[in-house]
Amino acid sequence: MARTDSGGTRAAGGYHGRYLRVDLTTGSATLVPLPVEVLRRFIGGIGLGTWILTRENPTGTEPLGAAAAVVFALSPLVGTPLTTSAKFAVVCKSPLTQRLNDALSSSHFALAAKRAGFDALVVTGICARPSILVVDGCGEAPVIHLETAEDLWGLPAAGAEARLKARLHRPHEPGFHTVAIGPAGERLVRFATLSHDGRHAGRGGCGAVLGAKLLKAIAVRGDRQVRVAHPEKLNALARDLSIRSLGPATEKYRELGTVANMLVFNRLAVLPTLNFQESTFAGAAGLSAEALAGTRKKTRKSCAACTIGCEHVYGVPGTTTEVRLEYESLFALGSLCGVGDPDAVLEAVRICDELGLDTISAGGTIAFTLECIQRGLLDPAAPPAPADAAGPPGPGTAPPPGIDLRFGNGAAVHYLLHAMGRRQPGLGHLLAEGSRRMSAVMGGEAEAIAPHVKGLEIPGYEPRALQAMALGFAVGTRGADHNRSSAYEVDFAEGSDRLHGDAATARAGIATEDRAALMDSLILCKFLRGVFKDFHGETARLLAAVTGWEMTAGELRRSARRLVTARKWFNQREGWTEAEDTLPGRFFSTPLREGPSAGAILTRTGLDEMRAAYYVGRGWNLKGEVPATLRRELEIE
Ligand code: SF4
């Protein structure tokens, strides 16, 4: 058992002023002071996580190596009465992209970690055997120990969490809250998730980073309250925000959930279908929110401390299984793979939850595989071996599919999910590497149709017909990502020409990306964004009430610029080049064919124009590099 001293800096309200670094190799733990000026500059969540990772993860570190660091970053708002604030960020170098990865998740783990007395938990090193990290923050300073995970290894994350909580339960004491990885993380699938209470830090493979450390789960508890500078003012602001969070701006999320996008996107012909070969899907109506709810039990759930409750959980007919469904999972395992049977899609999402797979990357990799088979680029009976695989293939020999590996066949999707999630020898081992690495070993035509940017599979927004989003995907620091960019809002804005991007599009995209960076650092749920009338002014008042700082909208605008540029600077140190800020060849060579998006295509000169305007707008040079003067001006280092 390792004790830490209780050191730290005297911090502002909302912070403990220190982070806890745990070295799994030695079993030691240290509390590291966080200077108050760093907290003010980087706030929390993905911002603070980036600052810490830049220091804790030496340049060039292999993401699945012992030296790699994983940062669990909290925010100053966690544990306050502010709606949707119970969230945490997981920041690491991605084994899928080799670039910065920052994933968010919600709920009681964030609250418990904050009560444990630190603003971030950093995990480095590697366990000697499959282990659990237990962090007990009840008392003057956190105490950590490692205990065996031999009995949990191989279990789905949900099962491991349930057993672990029961094992650690002590009557009349604060309970532990846990995060865990599933079998895919253990097998180093490059897009494995990390889960907490059914919610996932989904993108970029943080589950594999923990799997490489032989760390099955982390359990944390604490009994410390964080001081808030102006509690009465904060309570009044929180009450007002909670009331407004139940207004029209969030109605869609409350009533139908994000799956409502399916029909809207199909009507606009921006719904990725058959691995981006089409942008409308004949089976979309069967996957609509209305159709899903028609014959299935549906319940609404929410993250801790949330008034909105956007989670729509569907029962699978004839079973006791319940599946939490979002648009991104629905499109990736539905239209992208040509599957219109809602029960087949729900089962696919359930398998992803069970194995711990990112639904977007899993669906994208499967859709790409099916197209390669369709085009004769891949023989599923004799797939090539992956180069530099993250881990060895699973034991034994893979069972033959016995099913038709074609678009539209739900059984084929289920087979491939099981194969990749367990790294079954052959096809599963290849798919576990993601579409970019698959295409690299196949070469030629496969590289133009592999649906990724920087290795991260593309979410459910057709880039040819949503060109602000196309730029957002291209320049995104963690790869093709809608959440860190939010540029689809530019495309869907009234009067916008979503089929033709230009320099003005790029400037508008910078504004949505900046706002997303602030929300993800504060951390507040993005579904609140429509609730704010004056986003920067209102969030400045929230932060001021918690911290006691005199905070202005202008300071937060500058913070947003800093947060985005700091993430880019991390990538630049890791070897980023301008050539990465692009999209797959298909989007420049093949126009869309249908509906209101017919004829839409990206051009290299069009993307270059948007990209140059984006770089200039960010203050980077024309190659997209961050100048040293800007790093100093924004106080990034
Ligand atoms: S709106 Fe949805 S995702 Fe956001 S905090 Fe609430 S339940 Fe969680």
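**Exercise 1. In which loop is Ile-523 placed, and what joins Leu-522 and Ile-523?**

Step 1. Ile-523 sits in the loop between α20 (503-522) and α21 (535-547). Helices are DSSP runs of H or I with at least four residues, strands are E runs of at least two, and both are numbered from the N terminus. Residues are numbered from 1 along each chain as its sequence is written.

Step 2. Leu-522 and Ile-523 are joined by a cis peptide bond, with omega about -20 degrees. This is a predicted model: local features need pLDDT of at least 70, side-chain atom pairs count only at pLDDT 80 or more, and totals for chains, interfaces and linings use all residues.

Step 3. Most peptide bonds are trans, and most residues other than glycine have a negative phi.

**Exercise 2. Where is Ala-305 found, and what is its phi?**

Step 1. Ala-305 is in the loop between β14 (298-301) and β15 (311-315).

Step 2. Ala-305 is not a glycine, yet its phi is positive, about 60 degrees.

**Exercise 3. Which residues surround the ligand, and how do they divide by class?**

Step 1. List the shell. The residues around the ligand are Thr-84, Ser-106, Tyr-253, Ser-302, Cys-303, Cys-306, Ile-308, Gly-309, Cys-310, Glu-311, Cys-525 and Phe-527. A residue is near a molecule if its C-beta atom, placed from the backbone, lies within 6 Å of it.

Step 2. Sort by class. The shell has 7 nonpolar, 4 polar and 1 charged residues. Ala, Val, Leu, Ile, Met, Phe, Trp, Tyr, Cys and Pro count as nonpolar, Asp, Glu, Lys and Arg as charged, and the others, Gly among them, as polar.

**Exercise 4. At what angle do α2 and α22 pack, and which residues meet?**

Step 1. Helix α2 (residues 45-56) packs against helix α22 (residues 553-573) at about 30 degrees, with axes 10 Å apart. Axes are lines fitted to C-alpha atoms, for helices over the stretch in contact, and angles run from 0 to 180 degrees between N-to-C directions.

Step 2. The two helices, α2 and α22, are therefore roughly parallel (angles under 35 degrees).

Step 3. From α2, Gly-47, Thr-50, Trp-51, Leu-53 and Thr-54 meet Leu-563, Ala-566, Arg-567 and Phe-570 of α22. Contact needs C-beta atoms, placed from the backbone, within 7 Å.

Step 4. The residues of this α2 and α22 contact divide into 5 nonpolar, 3 polar and 1 charged.

Terms used
Angles under 35 degrees count as roughly parallel, over 145 as roughly antiparallel, 65 to 115 as roughly perpendicular and the rest as oblique. Two residues are in contact if their C-beta atoms, placed from the backbone, lie within 7 Å.
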